[in-house]
Protein chains: 2
Amino acid sequence: MTDSNDAYRRAGVDIDAQDAALGRIKKLVRSTRTPGVLGGVGSFGGLFRPDLEGVEEPVLVSSADGVGTKLMVAKMAGDYSTVGRDLVNHCVNDILVQGATPLFFLDYVGTGTLEPDAFAALVSGLADGCRENGCALLGGETAEMPGFYQPGDYELVGFIVGIVDRAALLDGSRVRAGDLLLALPSSGLHTNGYSLARHVFIERLGLGMADKIPGVEDDRRPLGKILLEPHRSYLPALRSLLQHPALHAMAHITGGGLTDNLPRVLPAKTQAEIRVGSWRLPDLFHVLQDRGEVATEEMFRVFNMGVGMVLVVDPAGAGEILKILQQQNQPASPIGTVQAGSGGVVYDLGLVPGEDGL
Amino acid sequence: MTDSNDAYRRAGVDIDAQDAALGRIKKLVRSTRTPGVLGGVGSFGGLFRPDLEGVEEPVLVSSADGVGTKLMVAKMAGDYSTVGRDLVNHCVNDILVQGATPLFFLDYVGTGTLEPDAFAALVSGLADGCRENGCALLGGETAEMPGFYQPGDYELVGFIVGIVDRAALLDGSRVRAGDLLLALPSSGLHTNGYSLARHVFIERLGLGMADKIPGVEDDRRPLGKILLEPHRSYLPALRSLLQHPALHAMAHITGGGLTDNLPRVLPAKTQAEIRVGSWRLPDLFHVLQDRGEVATEEMFRVFNMGVGMVLVVDPAGAGEILKILQQQNQPASPIGTVQAGSGGVVYDLGLVPGEDGL
């Protein structure tokens, strides 16, 4: 044996530095512990004992996600503290729409050479998101891949497991023609459309992260803050509604927008009809469309258009659901209905024939 | 509405092409279905109903992993068909060492612009790995991030969830001084040490993927084949041993090698003592050490050194365990013991004082 231990470091990977960075984040991970977690940080797999008391037929609901090129905005803004919360909230919403509440979350961080401060910022965002959703950060993997990732880049992937009793599973089968569509506002772009948004704001308009966006009057924060606003979790507002008989389905509006995500919960021979003027479209989307010269149809497929979540509800129970949402301080707007039809989403723009645009 | 739908494509993301590629892989995903899977491909989260018949206290075991810069070898060799199996087998082994068998797996693929053939090759490897381990490919995420990933690069991340009855959980608590260490051979580098291996074979020796490796007499396949040999799954060979009372613990030898992974299952005040000459070290590792000028200590931390899995067994039951392994055609060698000590791994190189090397 010799003391020399640097061939791997010469090849770009420093196991000791990795261990030091991992030690630093153990405290963050521990802050997310919930009663189901068994064992400590650092075993081969994370261990979780679900509380099955009163659950007749447990169904595990699982989803994997990333935050896309929002990571490149974080790099430009020099702030990796928010994307972790984005990722957790995105994953929480993805299983929430099937009626599930989260048990645990695992992350993957890929980078060229681990920079301890950026890594700690990433993990602290993940830990914040997990704590806020009552979800244990059960484990994860950190990979240094020099030459594969560009210096300073971090890939961030998340994986969530939740649980729902089979009888309470929301899968779209309760949806019928006549149901009402209730929109819950997004907090911004959430985690979709960032390639196009960067193209418009940075390449076309030449804006920097500290600049205000010309034409965005309803939000005067700088571009970096607006773009990095975290993806909202709807779990706190919706938890008490999950077993409500009037809640027929939910759709999380992510990549593909209203156009591709609403049909995922529509039964055959129905379609969603949406009145475009029925909710307030934030200025951000107007500016993206105008300055990016993006067709309306594409806007509704690339961006959430101010709608982060859609509830499909029985019209007879809609009043009660709106009242519960109000008690939770959760704004909601009726934006359309489910109707007999040939599938997909039909947008009523309220325009005279021949005119286009919002 | 207009027919124009190309602003996002101009920014580098083509949703229609993504949809076409995803359609192509649905059949592969369906081939991995197990009885627990509910619902189809394409819902927000994957649904899995675990069979809890006879399980007294179900514990979920979960792990996240990547395949590291083995991906760069796949790119150089123009063959993405094997890394998916690597990833699944790596994840399966990670939860197997805690006594768990897999329920389901999710993947994440990140790339600049999705190339349908490479993507289909990746997913077909994942599906092969899942089928071979009886594990459902329950879902996944595919992200196009132009500008973030270099052209032709694919990041591949996997998440697995398995189950074990709490009484059968292997966590190292049964290990005691005197226990025997049985090594199960690896199939090659598995998924660790590829940055250093590429440095030695490609940069130092100037080898191409089709070249044989000078000095590697026991495997005359070309470099690309040797480096892409998939990570072995030990589940088929070990499934029948999981409840054996003489099996005290297992360690999956991945990043950190024997040096960092064995201590994860050692109780306080013990150490692993390994006799280095007691198993056959494949030529590949000799060449990596000699031509890379890598210290022995580092070799045991960066590479698996021919050992993919270590079983820690009660010496009284070791004969029976070896017999069962033999029935499964699984080779195994006693390579050392657990002894009272101050932690970590002590390597007995069988050398005269002052000499170094294997």
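**The interface of chain A and chain B**

Reader: How much area do chain B and chain A bury between them?
Author: This is a predicted model, in which local features need pLDDT of at least 70 and side-chain atom pairs count only at pLDDT 80 or more, while totals for chains, interfaces and linings use all residues. Residues are numbered from 1 along each chain, chains are lettered from A, and side-chain values use heavy atoms, without hydrogens and water. Of the buried area (accessible area, 1.4 Å probe, that two parts lose on being put together, summed over both), 61% is on carbon and sulfur atoms. Between them, chain B and chain A bury about 7300 Å².

Reader: Which residue of chain B meets Glu57(A) in a salt bridge?
Author: A salt bridge here is a side-chain nitrogen of Lys or Arg within 4 Å of a carboxyl oxygen of Asp or Glu. The rule finds two across the interface. In one of them, at 2.5 Å from N to O, the partner of Glu57(A) is Arg49(B).

Reader: Which element of chain B gives the most to the side that touches chain A?
Author: Strands are DSSP runs of at least two residues, numbered from the N terminus. With nine residues, the element that gives the most is strand E3 (residues 58-66) of chain B.

How values were computed
Helix = DSSP H or I, 4+ residues; strand = E, 2+ residues; numbered from the N terminus.
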